[in-house]
Structures are given as structure tokens and as C-alpha cells.
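Please look through the points below with the model open beside you.

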Amino acid sequence: AKLIAILTYHVVPGSVMASDVTKLSNASTVNGQRVDIKSAGGKVMIDGATVTAADVKTSNGVIHVIDTVIMPSTDDVVDTAVKARSFKTLAAALKAAGLVEALKGAGPFTVFAPTDEAFAKLPKGTLDDLLKPENKEKLVSILKYHVVSGEVFSSQLKVGRNVVTTLNGRKIVVRKYRNGTVTVNGTARVTTANVDASNGVIHVIDRVLVPR
């Protein structure tokens with residue numbers, strides 16, 4: 001399974017020629033994760049690997065030769081957040097809510113992940129109350145309000161208002177501006193987008209989303 005994940009990370013659906021590759025900043029692979037593409041100084045880099053030969057045509061597609069094996073993320077959304085070290089509060093909340101195993105599942109999931117600083121912006125005492133066993137149901141509701149089923153990258157959002165349904169069952173409004181800024185429910189701002197995980201994608205936000 002690991003070998004398949006690595007090999008399919010090297011394959012993009014469709015016949016994408018070099019002239020098209022240089023216009024892209026990323027591409028979705030058969031693996032489900034995305035590779036980053038950078039073009040500069042006459043060179044094209046795919047996740048840090050350099051394209052050494054391009055446009056090798058075949059009967060069912062095209063090959064671009066690279067000088068390094070590229071590796072997909074092997075960490076799920078939970079482990080990716082934990083390793084980032086900016087989500088200790090979120091990790092503790094997921095554990096208290098009993099949602100860790102669920103988010104380690106196959107997914108895919110799109111997670112709007114509040115940082116520790118985002119949780120610190122909640123009114124004093126709010127987080128302590130949410131982490132109490134008697135408030136587990138409310139905590140679960142709030143955390144599920146940050147998760148969407150399926151993989152949604154920022155490039156897939158249309159400019160303007162995007163309404164998506166969360167695992168909570170309620171909808172959130174994700175607004176994309178022409179300058180690339182993305183906000184959620186008008187209060188939270190996406191500070192880092194498109195963090196790949198083995199079972200989804202994470203968008204880092206600067207405020208906790210609270211369903212009403």
C-alpha cells in the first residue's frame with residue numbers, strides 16, 4: 001500500500017505537456033495529494049525534484065523525467081497537526097471529544113484547524129468548560145464544525161461566497177477574494193492553506209469557529 005501511494009503520487013491524470021506544466025503552481029495526483037510546481041530560471045521543480053527531460057510522448061500519455069523520487073505525506077490530518085506544534089490545544093480537544101480515531105480514518109477530510117493562538121482568543125474560561133466531560137457533546141459539535149467531508153483545496157474555491165456542509169451538519173461560508181485571501185464565516189482567516197495529509201488537507205485558521 002505504501003509503494004502504491006508513492007508511485008501514484010508521481011502520476012497526474014491527463015496528458016499535461018511541459019508548456020502547460022509551467023503555467024501551474026500545483027497539480028492533483030492519482031494518489032489524491034497535490035504536488036507543488038515551481039518554474040524559475042528555465043528549470044521546473046516538482047516538490048523539490050528537477051525535471052531533466054520533458055514531453056516524452058507515449059501511447060497513453062506523456063512522461064516528464066525527474067532527478068529525485070518525490071514522497072507523499074504519510075501522516076494523517078491529526079498527526080500532521082500534532083507535528084506542526086501549533087495545534088496542542090486542538091489535539092487535546094480532539095482527544096477529549098473522542099474524535100482522534102475518526103480523523104485518522106480513510107477520509108478524505110478537509111480540516112479548518114485553529115491554532116493555539118486562535119483558541120486563546122476565546123472568552124476566558126470557555127475552553128476549560130468545553131474540556132469538561134459533561135460538555136463533551138458540545139465540544140464534539142464545535143470540532144465537527146471545523147471538518148468537511150472530502151478534499152477541498154483553495155484553488156477549487158470560486159472567487160466569492162462558497163457554502164459547504166460540515167460534519168456537524170451545519171453549513172459554513174468560505175469566502176475567497178481576488179487577492180487570494182480566504183475567510184470562514186467572515187471572522188476566521190485562513191493563514192496557511194493546502195497542507196497535505198495522507199487522508200485529507202488542512203487549512204490553518206486564526207479563530208475558532210463556533211456554530212450558532
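1. In this predicted model, D206 counts as buried, because its relative accessibility is 17% and the cut-off for that word is under 20%. Its salt-bridge partner is R189, and the closest N and O atoms of the two are 4.0 Å apart. R189 lies in strand β11 (residues 188-197), whereas D206 belongs to the segment after β12 (200-205), so the pair ties together parts that are 17 residues apart in sequence. R189, at 42% relative accessibility, counts as partly exposed.

2. A second pair to find is D76 and K104, whose side chains meet in a salt bridge with an N to O distance of 3.1 Å. This pair links distant parts of the chain, 28 residues apart, since D76 sits in the loop between β5 (61-66) and α3 (77-84) and K104 in the loop between α5 (100-103) and β6 (109-114). D76 is buried, with a relative accessible area of 10%, while K104 is partly exposed, with a relative accessible area of 30%.

3. Which residues do salt bridges with shared partners join into one network? They are D76, D79 and K104, so please view these three together.

4. K132 and D129 form a further salt bridge, in which the closest N and O atoms are 3.2 Å apart. K132 is partly exposed at a relative accessible area of 36%, and D129 also counts as partly exposed, with 36% relative accessibility.

5. As for the total, the count comes to five salt bridges.

Methods. Residues numbered from 1 in each chain as written. Predicted model: local features only at pLDDT ≥ 70, side-chain atom pairs only at ≥ 80, totals over all residues. Heavy atoms only, no water. Helix = DSSP H or I, 4+ residues; strand = E, 2+ residues; numbered from the N terminus. Buried < 20%, exposed > 50% of the residue type's maximum accessible area, 1.4 Å probe, protein only.
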